[in-house]
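Colleague: I am new to this structure and would like to go through it with you. Please tell me, for each label you use, what stands behind it.

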Amino acid sequence: MFSDYTSTELVSIFAMQGFAGLILFSVFVLMALGLAIIFGQMGVINMAHGEFMILGAYVTYLLSNLFETHMPALFSIYFFVAMIVAFFAAGALGALVEWGLIRHLYRRPLDTLLATWGLSLILQQTYRTVFGAREVGVSLPDWLMGSIPLTDIIEIPINGLFVMGLTLTIAVSVYFLMFKSRWGGQVRAVVQNRPMAGAVGINTEKTDRITFALGCGIAGVAGSAFTMIGSTGPSSGQLYIVDTFLVVVFGGAQSLLGTIASAFTISQAQSTMEFFLSGSMAKVLTLLTVVGILMLRPQGLFALKIRH
Amino acid sequence: MFNVNNLSVAYGQSEVIHGMNLDVKKNEIVAVLGRNGMGKTTLMKALTGMIPSKTGSVLLGDRELAHLKSYDRVKAGVAFVPQGRMIFSTMTVKENIETGLTTTKTKRIPEMLYTLFPVLKEMKSRRGGNLSGGQQQQLAIARALASQPELLVLDEPTEGIQPSIIRDMARTLKKIRDEIGLSILVSEQVLSFALDIADRILVIEKGEVVHEEVRAQVDEQKIAAYLSV
């Protein structure tokens with residue numbers, strides 16, 4: 001498949017597809033971070049995680065319209081506002097869902113799977129009713145459009161760089177929150193041993209609610225980033241949930257670095273192969289490789305080594 | 001100071017603790033002895049709120065704890081060192097102790113804890129899971145003390161620990177009692193350790209207190225008879 005191209009063309013193609021994959025990478029990282037935090041903390045597999053992302057995307061869409069019609073002067077900064085609002089909107093919905101649904105189902109993993117699946121259907125239908133079945137797109141401010149030419153053929157999309165910077169910032173903040181703050185210590189204690197965490201004085205229920213909200217909030221930000229690579233429809237989130245699970249499992253649960261590395265590998269592999277093969281063939285190859293590696297390393301790419 | 005009245009605990013239909021009464025006075029060390037399967041761990045877990053009790057009251061001072069969640073009991077002043085230590089193995093020693101600070105207003109680990117357990121200071125950035133059994137036990141006690149309790153509850157602290165360290169531990173626990181001025185309730189199987197530290201000894205069998213004596217008048221033979229299989 002490479003024989004149709006000269007070597008300089010090949011290098012350029014790899015570079016271009018690599019940069020194009022950055023947005024996908026960012027969406028994966030943000031989604032997977034949220035999912036991994038929630039799964040690690042509560043053992044809840046949140047099947048509705050994609051819908052939380054889409055909530056963020058719709059929030060971005062609404063704000064983009066709002067700014068366009070009412071505050072055109074501020075349109076250039078609307079994206080920052082949108083991300084913050086998306087974070088809090090998805091986070092608030094997450095807290096509500098935890099309070100109304102998830103907390104009654106702890107220690108029943110299969111039931112939470114079904115319940116969050118049901119929730120995802122409910123949310124999809126709600127989006128369909130409110131926003132209509134047709135996909136919507138957002139308009140980006142001018143400074144996010146276009147690309148920086150690196151060489152004659154290689155161009156780097158600006159929004160890709162922006163989203164990537166954003167993702168790194170969020171990943172670093174999550175790292176500090178989890179590993180350097182008092183709250184993070186409590187979260188990790190609950191993850192390790194829930195009854196014991198309660199017995200040293202940690203309010204496990206409150207920790208659960210905030211963690212769930214945080215995970216969903218990050219998904220909301222992922223939704224904001226998502227508006228740059230795809231148009232937002234009621235069921236767009238579904239397409240990403242499986243890939244996100246793949247990223248989490250491949251990276252090794254509870255390893256932040258592993259999640260990022262695996263998101264990078266998977267998104268780049270997909271993006272590069274999609275150029276040469278069809279999209280579904282690229283997915284098949286990615287899945288096969290991941291399955292193969294997981295058979296050799298069931299604990300994922302990165303896993304902590306301690307004696308117990 | 002700490003009064004348990006008519007406490008019953010059941011796992012589903014099978015009742016394990018039957019209407020138990022016990023009390024711990026201020027600055028007193030009480031040891032609960034009993035063979036395997038007599039309900040020691042169940043009792044300790046019920047007192048700290050890790051499993052719910054069926055009936056009865058648990059009073060600390062005049063505050064009723066029986067319906068509180070375990071983290072609220074810690075806040076009220078009951079700290080727990082569980083059987084098997086249960087430290088958070090992927091977290092560092094320092095982080096482990098810090099989890100105990102959750103209910104307090106302090107942000108920093110009190111120096112006093114490091115004075116009591118100097119080894120923890122040396123190892124403060126090691127992961128808890130990489131400590132030896134005796135060190136983990138010290139960590140579990142330090143973590144419990146960090147919440148500034150009035151009552152320290154320990155469940156079989158000597159389990160799986162070598163004899164010389166057991167003697168150290170008895171000394172440390174008494175020192176803690178004298179320096180901080182708290183009460184200690186400890187469940188045990190090792191008679192010598194219980195005799196070493198306790199002011200009063202209770203023997204439980206099949207979920208009931210069958211024998212109670214103050215340390216000074218203890219009839220060692222009689223208690224040993226209860227413990228032998």
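Modeller: E6(B) and strand E7 (residues 151-155) of chain B pair in the parallel sense, and the pairing runs over four bridges. This is a predicted model, in which local features need pLDDT of at least 70 and side-chain atom pairs count only at pLDDT 80 or more, while totals for chains, interfaces and linings use all residues. Residues are numbered from 1 along each chain as its sequence is written, chains are lettered from A and ligands numbered from 1 in the order in which they are written, and side-chain values use heavy atoms, with hydrogens and water left out.

Colleague: What makes E6(B) and E7(B) a pair?

Modeller: Two strands pair if DSSP finds at least two bridges between them, and E6(B) and E7(B) have four bridges, so they count as paired. Within this pairing, Phe80(B) stands opposite Val153(B) in E7(B). In general, strands of a sheet pair through backbone hydrogen bonds, either parallel or antiparallel.

Colleague: And what is called a strand or a helix here?

Modeller: Both are DSSP runs, numbered from the N terminus: helices are H or I runs of at least four residues, and strands are E runs of at least two. By that count, chain B comes to nine helices and ten strands, and chain A has eleven helices and two strands. Read along the sequence, chain A follows the pattern α-α-α-α-β-β-α-α-α-α-α-α-α.

Colleague: How do you know that both faces of strand E6 of chain B are covered?

Modeller: Strand E6 spans residues 78-81 of chain B, with Val78(B) and Phe80(B) on one side and Ala79(B) and Val81(B) on the other, and these residues are all buried. Buried means under 20% relative accessible area, exposed means over 50%, and partly exposed lies in between, with a 1.4 Å probe and protein chains only.

Colleague: Why is Arg85(B) called buried?

Modeller: Its relative accessibility is 14%, so Arg85(B) counts as buried. Arg85(B) lies in the loop between E6 and helix H3 (93-99) of chain B, and its phi is near 70°, a positive value in a residue other than glycine.

Colleague: Why does Glu156(B) count as buried?

Modeller: Glu156(B) has a relative accessible area of 7%, and therefore it is buried. Glu156(B) is found in the loop between E7 and helix H7 (163-180) of chain B, and although it is not a glycine, it has a positive phi of about 40°.

Colleague: Which strands form the open sheet with antiparallel pairing in chain B?

Modeller: That open sheet has four strands in the order E2-E1-E4-E5. Its edge strands are strand E2 (14-24) and strand E5 (63-64) of chain B, each of which pairs on one side only. Strand E1 (residues 2-11) and strand E4 (residues 55-60) of chain B pair in the antiparallel sense over five bridges, and Asn5(B) stands opposite Ser57(B) in E4(B).

Colleague: Turning to chain A, why is Gln268(A) called buried?

Modeller: Gln268(A) has 12% relative accessibility, so it counts as buried. Gln268(A) lies in helix H10 (residues 256-276) of chain A.

Colleague: Which residues does Gln268(A) touch, not counting those up to four places away in sequence?

Modeller: Gln268(A) touches Gln17(A), Gly18(A), Gly21(A) and Leu22(A), where contact means heavy atoms within 4.5 Å. The C-alpha atoms of Gln268(A) and Ala20(A) are separated by 8.7 Å, although the two residues are 248 residues apart along the chain. For chain A as a whole, residues 24 or more positions apart account for 75% of the contacts with a separation of 6 or more, and the corresponding share in chain B is 68%.

Colleague: How do you know that the radius of gyration of chain B agrees with a compact globule?

Modeller: The radius of gyration is taken over C-alpha atoms, and the globule rule is 2.2 Å times the number of residues to the power 0.38. With 229 residues, a compact globule would have a radius near 17 Å, and chain B has 17 Å, so the value agrees. For chain A, with 308 residues, the expectation is near 19 Å and the value is 20 Å, which agrees. Buried residues make up 54% of the residues in chain B and 51% of those in chain A.
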